Amino acid sequence: MTLPLLVSRSLRQHLLSTLITAGSIALAGGLLMSVWVIKQQSRSTFTRVNIGFDAVLGARGSQLQLVLNSIFHLEASPGNVSEADYLAIKHHPAVKLAIPIAVGDNLRGYRIVGTIPELFTDVEYAPGKKFMLAAGRVFAGDAKEAVLGSFAAQKLGMKVGDSFHPFHGLAFNPNEQHVDLYTVTGILAASNTPADKVVWIPIHGLQTMSGHDPRAATDVSAVLIQLRSPSSGFMLNLMYNKQGNRLTFAWPISSIIADLFGKIGWFDQVLTLIAYLVAVVSAAGVLVAIYNSMSARRRDIAILRSLGARRRTVFGAIVLEAASIGLLGMIAAFAVYLVIATGVAALIRAQTGVVLDPWVFDRVMLWAPAGMIVLCAAGGLVPAWVAYRTDIASNLAPTS
Amino acid sequence: MSLLTIQSLQKSFALPEGGKKMIVDVPAFSLAAGQQLAMRGESGTGKTTFLHLIAGILAADSGSIRLGEEDMAQKREPDRDRLRARTIGYVFQTFNLLQGYTCLENVLLGMSFGPGADRARAKAILERVGLGHRLHHRPRQLSTGQQQRVAVARALANQPALVLADEPTGNLDHKNGREALGLIRETCRETGAALLLVTHDPAVLGAFEEVSDFRTLNRAAEAGP
């Protein structure tokens, strides 16, 4: 009981410094865990998101831009695909399913995407999971009707039966309202995919929206493709990307997103390095906090020694105290982590529709606290050495 | 039967300007089990150093300090710490209580370095010194007289064979000093501990049957500064 009693009383005696130091460790640990988990989950989640498609066919340009535009509903469309090209790939023997999409309008900042009803009836956006309607029904292909993704519906405050005028362009401009009036017929259940933040309408409606160029009335922005076999991808890649020069065949989707993460890997490393540095600085804070209090502690140490405490006991008590500050800090770090990770997850969801889950276990939640506690204990070694060397007689004033 | 036997004990300290100064030079001294002895000594005569040597807080330059079968002067520091915790209770002029701990914890902590913390016994001894109602008070919440009582309880908690008291009434008024002295002597008598008390207070010295002069005992003090 001696060491725990010594440590708990010392922490209590130096409560303010304990709380400040543990607080800085909580921030460092929370930051470290947040950076790590968001990095890991983003990579694994984004590279998994393909809403059930193997490839995307679009205008000639960047594969990444094509995938971001057609799967994640980010970025601008690289251009249009003619109806003939759409029909050609749709009927290609290597293609199992081709779903066209068209973009170019928004509803108060939420992207309007034109497509065909088969997206909601024939596609599994994840193995065994089809888009479900939380309310209403899917739009009719030739009507001015809309289905709202769950996140878009929630943020727009719309329900089945509401109607709206689309706005031209991908960015919201209140002066660019179309005259067409659409009625909401369905709200999608949350799929935790980018589809949640989209306002879906029939592709014909978007192609023929008032004010759009009538010459492009049959064009599509991209075609989402399910292949019959993985080898088909090689064939179509050769056909469109190597032999052709008008269109881009983005395949496989996961490796294109993985390339993106590869390209911004340096940014991850910088963030991680900063988190590590903050952790080291916090551990140094433990050293400074205890070291600075050593002159006030010398008398207590001398009294303990006069009672029979050995040098190694007072040394161990200081190291344990430093480790305990680390432990307290890392317990609080989980709260900091949840605040940061939940905030970032909400931001990512709002921007991409992709959902990160801060509550999912990651091994960093074991090694970061363990590492931080060891680091703090190491920070306690210097003041522990001072305690070890404290002379009893000269600190037990007065003498006679 | 002799509990404490000291022979040819010497201790000197290095001077800042170089060289050494002998502080304690005691050719022979003994104290029987259960004996209570007051030692007269003025400030600066090396009384505290003498008690620190007996307690093993300081290492002797030479000589022997036999406590029963064991020689404190020949032991390594960790063994001196262990022997001190087990066999010696120390009462200081400034009480030397740990301010962050309650009365009970101060006593329990003293016990934990010896035979082991015994909550029931710690409570009992605090009750014995009249502080049964102050178990969970911190030292600063007590009067000086009460603080010295806690120090006495802590010194006696391990049932030591020898209690050393260094000016134990030096920081107390006359009434509290008399009470503290009475308490130390009574509790030592009850537990059978020998008591070696050093002081320059004639009132304290007058309360003892046996008194010796430290200046006579310590040849270094006799030589003068």
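**Exercise 1.** Work out how many residues of chain A are in contact with how many of chain B, and which helices of chain A take part.

*Solution.* Start with the rule: two residues are in contact if their C-beta atoms, placed from the backbone, lie within 7 Å. By that rule, 20 residues of chain A meet 28 residues of chain B. Next, look for helices, which are DSSP runs of H or I, at least four residues long, numbered from the N terminus. On the side of chain A that touches chain B, α1 (2–13), α11 (294–306) and α15 (392–395) each supply at least two residues. The largest share, 5 residues, comes from α1(A).

A quick note on the model: it's predicted, so local features need pLDDT of at least 70 and side-chain atom pairs count only at pLDDT 80 or more, while totals for chains, interfaces and linings use all residues. Residues are numbered from 1 along each chain as its sequence is written, and chains are lettered from A and ligands numbered from 1 in the order in which they are written.

**Exercise 2.** Decide whether A289(A) is buried or exposed, and find what it touches.

*Solution.* First, find A289(A) in helix α10 (residues 265–292) of chain A. Finally, leaving out residues up to four places away in sequence, A289(A) touches S17(A) and T21(A).

**Exercise 3.** Explain why helix α3 of chain B is largely enclosed.

*Solution.* In α3 (residues 103–112) of chain B, 8 of the 10 residues are buried, so the rest of the structure largely encloses this helix. Among the buried ones are C103(B) and L108(B). Now check their partners: the buried residues of α3(B) pack against α1 of chain A, plus α4 (119–128) and α5 (144–156) of chain B.

Terms used
Buried ≥ 20, exposed ≤ 12 C-beta atoms within 10 Å, placed from the backbone.
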